Amino acid sequence: MAEIKCPNCGKVFQVDEAGYAQILQQVRDAEFKRQLDEQRALMEQREAAAVEAARAKAQEALRAEVAKLSSQLEQAQAAAKVQQATAEKSAQELLARAQDAAAQKLAAAQQESAEQLAQRDASIARLTEQLRAQEEQAKGARELAVTRATAERDRRLVELQSQVQEVSAKKDQEIAVLNQRLVEQEKYKDQEIRDRDDEIERIKNQRSRLSVKLIGETLEQHCESEFNKVRMMAFPRAEFHKDNDVVDGSKGDYVFRECDESGTEIVSIMFDMKNEDDNSVNRKRNEDHFAKLDRDRRNKHCEYAVLVSTLEPESELYNAGIVDVSYRYPKMYVVRPQFFLPIISLLRNAGLNAVSARRELAEVRQQNLDVTNFEEKLEKFKQGFGRNYEQASKRFSEAIEQIDRSIASLQKVKESLTKSENQLRLANDKAEDLTIRRLTRGNKTMKAAFEEAAKTQAGEGGSDAGSVPAEHDEGDPANAVEPDVVE
């Protein structure tokens, strides 16, 4: 990048190499054109001054010579009265010397004009060579700028395409990973469901082999004893204790609670044990205890309520195993004593599955959130990428337009230089056509002097008397007076 300072406001701004090269080329072209115009004007002034000086010098010399010859002629005519023969001879000698002197001066002036023309031709050739070199340099700079702009555009397009492909590949990879995770989770859930169904089937198969072992103990003691047998093996982090807290004038029999390593509650169960003597007269039904058990569950903030009962021993419904009475009260079950531990295991496993499901749900939600964030980031990236691509395309179009304008400007400069070369060629042709004969054409004094000299030579009958008039014959078409050199 190059820094350019504005001469008007003094602000400094940066341009790239291509723009700087274009500005520099424009300045060089303008400076070269200005120098070429100055040199051309100076040459024209010098040529005009040289022509004027040569013409004035020749005219002055001719006037002086004519005046001198006229004076000498008058003196010779005065002396001719005394010595006519001597005077005529002297006049003839003087005239011959004057003609020789005039011829020498004309030759010197012609030589000087020829030297000036040679210098002018050399200057024109040098300027033409500079013009040709400048055109070659401008052409090379233009081609270099176009090549750089094209290369930069191709490189940028390749980079953008590679970025798009990379983002697309990352997106496909993330989608594949998410799909794999979803498939694995589906397989895990299906396996869990099959395991639970197998466990239920196993418990149903073992139900017929289980027997009631009260052995002289009450039902509560029996359940507590059965739980303590498997506490350290199956429920190491669980607590199973007698409910001694009376709330609203009511309390349950036992409360079961279990938490995981992080302290999150897995399951909580309110137990109520109901036993009845076979000889009892006032027999009760299990439904009579549902309302109190549900109230105790809610008062102690337990998730489930389980009634361990030996009531209604002839009921096929309760003798079938674990009975779900959630249609009466939520999350309530009625079991026989032999299903005390199985119901705890089932509810505990359900709690574990629920906790696992909640964790998986939280993970899935987090994954969905990550996917949403990824899609938002991807969409944001696409929008930013689109804006950058539009800006780059706009800048590229502007650069192409600037290059086109520069090419058009250089073409105009080339046309101007070509026209200038034509003007220089016409000036050169005019300078080559400029001769001493044309400079002296139309000069009455010179014409009279040459006619008088011709008459004098004709009177003497010299062999060279007709040479000068022949060169200045008015009837010769080549000696016709041109309008642009008439004084």
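Asp324 stands opposite Tyr333 of strand β8. This pair belongs to a predicted model, in which β7 and β8 pair in the antiparallel sense over two bridges.

- Six strands form an open sheet with mixed pairing, in the order β3-β4-β5-β6-β8-β7.
- The edge positions belong to β3 (238-242) and β7 (323-324); each has a single partner strand, so one side of each is left without a neighbour in the sheet.
- Helix α3, spanning residues 219-234, lies across β3, β4 (254-259), β5 and β6. Its direction is at about 160 degrees to β3.

- Helix α4 comprises residues 290-299, and its buried residues are Phe290, Leu293, Asp294, Asp296, Arg297 and Asn299.
- The elements covering these buried residues include the strands β5 (265-274), β6 (304-309) and β8 (332-335), together with α5 (316-319).
- Just after α4, His301 adopts a positive phi of about 60 degrees.

- Side chains of opposite charge can pair when their charged atoms come close.
- Asp296 and Lys292 form a salt bridge through their side chains, at 3.0 Å from N to O. The two residues are four apart in helix α4, and therefore about one helical turn separates them.
- Asp296 counts as buried because its relative accessibility is 1%, under the 20% limit. Lys292, by contrast, is partly exposed, with a relative accessible area of 29%.
- Asp294 takes part in a salt bridge with Arg297, with an N to O distance of 3.3 Å. These residues are three apart in helix α4, again about one helical turn.
- Asp294 also forms a salt bridge with Arg298, where the closest N and O atoms are 2.9 Å apart. Arg298 and Asp294 lie four residues apart in α4, about one turn of the helix.
- Relative accessibility is 5% for Asp294, which is buried, and 10% for Arg297, which is likewise buried. Arg298 is partly exposed, at 46% relative accessibility.

**Salt bridges in the whole structure**

- The structure holds 14 salt bridges.
- A network of salt bridges links Arg285, Glu287 and Arg328.

Definitions and conventions: Residues are numbered from 1 along each chain as its sequence is written. This is a predicted model: local features need pLDDT of at least 70, side-chain atom pairs count only at pLDDT 80 or more; totals for chains, interfaces and linings use all residues. Side-chain values use heavy atoms; hydrogens and water are left out. Buried means under 20% relative accessible area, exposed over 50%, partly exposed in between (1.4 Å probe, protein chains only). Contact means heavy atoms within 4.5 Å. Two strands pair if DSSP finds at least two bridges between them. Axes are lines fitted to C-alpha atoms, for helices over the stretch in contact, and angles run from 0 to 180 degrees between N-to-C directions. A salt bridge is a side-chain nitrogen of Lys or Arg within 4 Å of a carboxyl oxygen of Asp or Glu.
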